[in-house]
Amino acid sequence: MQRRQFLKVGMLTSVVGISGASALWLSQGGDVKSLTLEALMSKLATLSALPTEILANLSVGQWNSAEVFTHCAQSVEYSMSGFPQHKSVVFKRTIGTIAFSAFALKGAMTHNLAEAIPAAPKLDPNIDVHQALFRLITSLHEFEQYQGKLAPHFAYGELNKQDYELAHVLHFHNHLDNFKQLGKG
């Protein structure tokens, strides 16, 4: 086989392989009915009714439950006030846009569940878990009522309110992957 044909076949095989893997990943998405702020608020209300000792120990990841709630609250708050640090414009217009589009299409997000928002204050593992959950709930209520211009996302760039709502819901649902006995529904 000539070099040019070899490269064409190799590239085609790669594209088909990536497309197949992408189709499989996209087919395993979340339940669309659970991807609303209303559904998320209902889940958070259920969590807030749990005793402290249970709620505090739900997360089995690198962050405890309070750190997860605080991290998600930071993200919601920064969508209104502005993120402290951003990826490059090139990143946001390419990888960031593609990633958010894929997450939105799939109805599920995957990201490093122990990666802090760039330049955000360090998460306090000793904060009261109910206080952290209340902060998340409050931030979501404020986001719901917010009428101002939304700040660009540090990785995805400009998002409208509907896209930000989806991003916040998908973000929290992804963190539920590290919570014991909690599904995404």
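Tutor: Let us begin with a definition: two residues are in contact when they have heavy atoms within 4.5 Å of each other. The model is predicted, so local features need pLDDT of at least 70 and side-chain atom pairs count only at pLDDT 80 or more, whereas totals for chains, interfaces and linings use all residues. Residues are numbered from 1 along each chain as its sequence is written, and side-chain values use heavy atoms, with hydrogens and water left out.

Student: What share of the contacts in the chain with a separation of 6 or more joins residues 24 or more positions apart?

Tutor: Such pairs account for 82% of those contacts.

Student: Which secondary structure elements does the chain have?

Tutor: Helices (DSSP runs of H or I, at least four residues) and strands (runs of E, at least two) are numbered from the N terminus. By that rule the chain has seven helices and zero strands, in the order α-α-α-α-α-α-α from the N terminus on.

Student: Why is Leu133 called buried?

Tutor: Buried means under 20% relative accessible area, exposed means over 50%, and partly exposed lies in between, using a 1.4 Å probe and protein chains only. Leu133 has 1% relative accessibility and is therefore buried. This residue lies in helix α6. Leaving aside neighbours within four places in sequence, Leu133 is in contact with Leu44, Leu47, Ser48, Leu55 and Phe69. The C-alpha atoms of Leu133 and Ala45 are 9.4 Å apart, although 88 residues separate the two in sequence. Over the 185 residues in the chain, buried residues make up 37%.

Student: What makes the pair Glu77 and Arg135 a salt bridge?

Tutor: A salt bridge needs a side-chain nitrogen of Lys or Arg within 4 Å of a carboxyl oxygen of Asp or Glu. The N to O distance between the side chains of Glu77 and Arg135 is 2.7 Å, and the pair meets in a salt bridge. Glu77 belongs to helix α4 and Arg135 to helix α6, so the pair ties together parts that are 58 residues apart in sequence. Glu77, at 23% relative accessibility, is partly exposed; Arg135, at 32%, is partly exposed.

Student: How many salt bridges does the structure hold, and what distance separates the closest N and O atoms of Lys149 and Glu158?

Tutor: The structure holds two salt bridges. Between Lys149 and Glu158 the closest N and O atoms are 3.7 Å apart, and these residues form a salt bridge.

Student: Why is Lys149 called exposed, and why is Glu158 called exposed?

Tutor: Lys149 has a relative accessibility of 65% and so counts as exposed. Glu158 has a relative accessible area of 54% and is therefore exposed.

Student: How do you know that Lys92 has no salt bridge?

Tutor: Lys and Arg count as positive and Asp and Glu as negative, while His and the chain ends are not counted. The nearest side chain of opposite charge to Lys92 is Glu158, 6.9 Å away, and Lys92 is buried without a salt bridge. Lys92 is placed in helix α5 (residues 89-106). Beyond four places in sequence, its contacts include Thr97, His153, Phe154 and Tyr156.

Student: Where is Lys87 found, and is this residue buried or partly exposed?

Tutor: Lys87 is in the loop between α4 and α5. Its relative accessible area is 35%, so Lys87 is partly exposed. Not counting residues up to four places away in sequence, Lys87 touches Lys92, Phe154 and Ala155.

Student: What makes a space a cavity or a pocket?

Tutor: On a 1 Å grid over the protein atoms alone, a cavity is a set of points where a 1.4 Å probe fits but cannot get out; a pocket is an open set with protein on both sides within 12 Å along at least five of seven lines; and lining residues have an atom within 4 Å of a point. Grid points are joined across faces, edges and corners, and a volume is the space filled by probe spheres set on the points. The whole structure has one cavity of 30 Å³ or more. The largest cavity holds about 40 Å³, and its lining includes Leu40, Cys72, Leu136 and His168.

Student: How many residues of each class line the largest cavity?

Tutor: Ala, Val, Leu, Ile, Met, Phe, Trp, Tyr, Cys and Pro count as nonpolar, Asp, Glu, Lys and Arg as charged, and the others, Gly among them, as polar. The lining of the largest cavity has six nonpolar, three polar and no charged residues.

Student: What is the volume of the largest pocket, and which residues are closest to its centre?

Tutor: The largest pocket holds about 440 Å³. Of its 24 lining residues, the closest to its centre are His111, His153, Phe154, Ala155 and Tyr156. Helix α5 gives the most to this lining, with five residues.
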